[in-house]
Amino acid sequence: MNYYIGYDIGSSSVKVAIVDALSGKNIITLHEPDGEMEILSFQKNWAEQNPEDWWKHICNATKRAIVEANIDASKISAIGISYQMHGLVIVDKNHKPIRNSIIWCDSRAVEIGNTAYNEIGHDKCANYLLNSPGNFTASKLKWVKENEPESYDKIYKFMLPGDYIALKLTGDVTTTKNGLSEGILWDYQKNKTADWLLDYLGIDKELTPTIVENFNDQGKVTKQASLETGLPEGIPITYRAGDQPNNALSLNIFNHGEVAATGGTSGVIYAVSNEQNSSETTRINHFAHVNYSEQSKNIGKLLCINGAGIQYRWLRNHSVENSYENMNRKASKIPIGSDGVNLIPFGNGAERIFNNKTIGTHITNLNLNKHSHGHLYRAALEGIAFSFVYGMEILKNDNAEINVIRAGNDNLFRSEIFANTVATLIGQEIEIYNTTGAIGAARAAGLVDGDFERFGSSITKNDHVMTFMPLKNNDPYKEAYKNWKDSLEIILKSK
């Protein structure tokens with residue numbers, strides 16, 4: 001039996017999965033550390049992590065997985081990597097990090113990105129980058145140049161978090177087209193690095209790593225990396241992608257009209273499209289999907305909702321209930337529409353879908369003589385579901401089609417109220433799958449033949465759990481959604 005190993009480098013932990021190379025069956029999945037990784041915030045809106053911490057947890061998790069799965073490590077034949085998107089790692093000529101990584105949720109470079117968007121021109125950014133520069137890797141690199149010139153002068157190459165792990169494993173400094181698109185450094189018109197943007201930012205083009213293909217030999221494990229991880233020396237990395245495109249891959253989302261949904265602390269709707277145009281470059285992020293190529297230019301249209309699962313978690317932490325199951329049980333006894341209570345769930349900072357306005361959480365129409373905890377729980381689940389529907393409407397108005405929705409069997413999608421509300425209002429079934437980003441990355445290590453149909457059919461066969469169908473009587477849902485949107489519009493007008 002041969003195996004593939006997959007890594008998912010998040011900001012809270014590093015996950016590792018080992019799968020059977022032939023069947024794709026999961027052998028083991030675990031994470032490091034036991035608690036959450038530290039996020040350093042030296043100033044307001046800053047977020048940094050030490051890249052060496054990711055590597056330490058990779059090494060520990062790999063050794064644990066091999067021992068706990070009781071497998072022969074020499075049978076691991078390839079590696080797949082998924083990673084937190086938009087981060088910046090800079091290394092010197094000795095491949096050592098010069099400073100902490102400025103990670104995805106750090107917003108220090110927002111104004112740099114906004115200035116670039118206005119000076120370059122909205123149309124050019126939309127046509128060539130499919131995005132506004134915003135708070136992405138390119139803007140963070142410009143911040144380093146302006147604010148830490150001594151660090152900038154030492155840079156040999158810049159890279160994304162997954163590129164750094166690949167460097168530690170192979171000794172090679174590389175990136176991918178998909179990774180460059182995350183950093184807003186891929187020119188879709190010319191199908192090459194957006195060197196003109198680097199010129200505008202005053203960044204030396206020579207700092208860009210060598211580009212490797214997503215599904216190919218991207219370098220081999222060195223002797224030193226083998227000693228530190230327990231992996232066989234000489235095995236290749238054959239897959240690398242950011243966490244949201246990788247999540248889509250894990251759910252068999254490859255083609256126009258297919259949508260991956262994630263309902264964690266924040267919510268993400270990721271729609272694959274073959275349309276390379278957008279009028280929503282400030283509200284929707286566009287990335288080269290994992291199967292993007294010059295012949296098949298599949299784009300991932302990503303819409304993020306910051307205020308999602310964190311809203312329901314806040315209610316749990318500040319209520320008499322000690323579990324989501326108890327909350328869901330009480331919510332199920334309340335009628336659709338929560339007897340008029342509306343909860344606007346955007347209390348997790350600025351929302352890109354509202355052009356970076358901070359909306360906050362609002363509870364409206366609460367009657368202290370009538371409504372109970374159960375009403376709040378249902379209103380929260382409905383409000384978060386309504387925000388997903390609202391986001392999908394933005395996507396559909398921006399050339400995205402929604403023909404199928406797939407989601408992992410975790411977080412919000414465990415709630416029938418949440419899943420039924422989304423499915424009914426969108427008019428599309430939602431397929432639920434048992435998989436994770438690390439498992440997807442491990443399986444993708446074997447996808448070097450480009451047979452996405454075979455890969456996807458295996459996921460459907462092995463991982464499908466259930467399907468939520470749109471309910472026939474959708475009138476109460478439509479009325480509740482209209483009431484929620486009316487409350488939202490009043491709030492937006494006041495901001």
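Phe455 counts as buried because its relative accessibility is 6%, where buried means under 20% relative accessible area, exposed means over 50% and partly exposed lies in between (1.4 Å probe, protein chains only). The model is predicted, so that local features need pLDDT of at least 70 and side-chain atom pairs count only at pLDDT 80 or more, while totals for chains, interfaces and linings use all residues. Residues are numbered from 1 along each chain as its sequence is written, and side-chain values use heavy atoms, with hydrogens and water left out.

Phe455 takes part in an aromatic pair. Rings of Phe, Tyr and Trp (its six-membered ring) are paired if their centres lie within 6.5 Å; planes under 30 degrees apart count as stacked, over 60 as edge-to-face and the rest as tilted. By this rule, 19 aromatic pairs are counted. In one of them, the ring centres of Phe254 and Phe455 are 6.1 Å apart and the planes stand at 75 degrees, so the arrangement is edge-to-face. This pair links distant parts of the chain, 201 residues apart: Phe254 lies in the loop between helix H10 (243-250) and strand S14 (258-263), and Phe455 in helix H16 (residues 452-463). Helices (H or I, at least four residues) and strands (E, at least two) are DSSP runs, numbered from the N terminus. Phe254 is also buried, at 2% relative accessibility.

Another edge-to-face pair is formed by Phe346 and Phe354, with 5.0 Å from centre to centre and 85 degrees between the planes. Phe346 is buried at 0% relative accessibility, and Phe354 is buried at 6%. Ring pairs join Phe346 and Phe354 with Phe386, Tyr390, Tyr481 and Trp484 in a cluster. Lys357 is eleven residues from Phe346 in sequence, and the C-alpha atoms of the two are 9.9 Å apart in space. Lys357 is located in the loop between strand S18 (342-346) and strand S19 (360-364) and is partly exposed, at 35% relative accessibility. When neighbours within four places in sequence are left aside, Lys357 is in contact (heavy atoms within 4.5 Å) with Gly349, Ala350, Glu351, Leu492 and Lys495.

Aromatic rings also meet charged groups. A charge sits over a ring if NZ of Lys or CZ of Arg is within 6 Å of the ring centre and within 35 degrees of the ring normal. The charged end of Lys124 is placed over the ring of Tyr128, 5.8 Å from its centre. Lys124 also lies over the face of Trp196, at 4.3 Å from the ring centre.

In soluble globular proteins, nonpolar side chains tend to be buried together. A nonpolar core is defined as a set of buried Ala, Val, Leu, Ile, Met, Phe, Trp, Tyr and Cys residues joined through side-chain atoms within 4.5 Å. The largest nonpolar core has 58 residues, of which Ile90, Leu197, Tyr239 and Leu249 touch the most other members. A second, separate core of 55 residues includes Ile305, Leu395, Ala407 and Phe418.

Helix H4 (residues 137-147) is largely enclosed by the rest of the structure, because eight of its eleven residues are buried. These buried residues are Thr137, Ala138, Ser139, Lys140, Leu141, Lys142, Trp143 and Val144. The elements against which they pack include strand S6 (89-91), helix H2 (110-120) and helix H8 (195-201).

Thr137 also belongs to the lining of the largest cavity, together with residues including Phe158, Met159 and Pro209. On a 1 Å grid over the protein atoms alone, a cavity is a set of points where a 1.4 Å probe fits but cannot get out, and lining residues have an atom within 4 Å of a point. The search of the whole structure finds one cavity of 30 Å³ or more. The volume of the largest cavity is about 50 Å³, a volume being the space filled by probe spheres set on the points, which are joined across faces, edges and corners. Strand S8 and helix H7 (177-182) are the elements that give two or more residues to this lining.

Glu32 and Pro33 are joined by a cis peptide bond with omega of about -5 degrees, and Pro33 is found in the loop between strand S3 (26-32) and strand S4 (48-49). Asn191, although not a glycine, has a positive phi of about 55 degrees; Asn191 lies between strand S10 (186-187) and strand S11 (192-193) and is buried, at 14% relative accessible area.

Definitions and conventions
1 Å grid on protein atoms, 1.4 Å probe; cavity = no way out; pocket = protein on both sides within 12 Å on 5 of 7 lines; lining within 4 Å.
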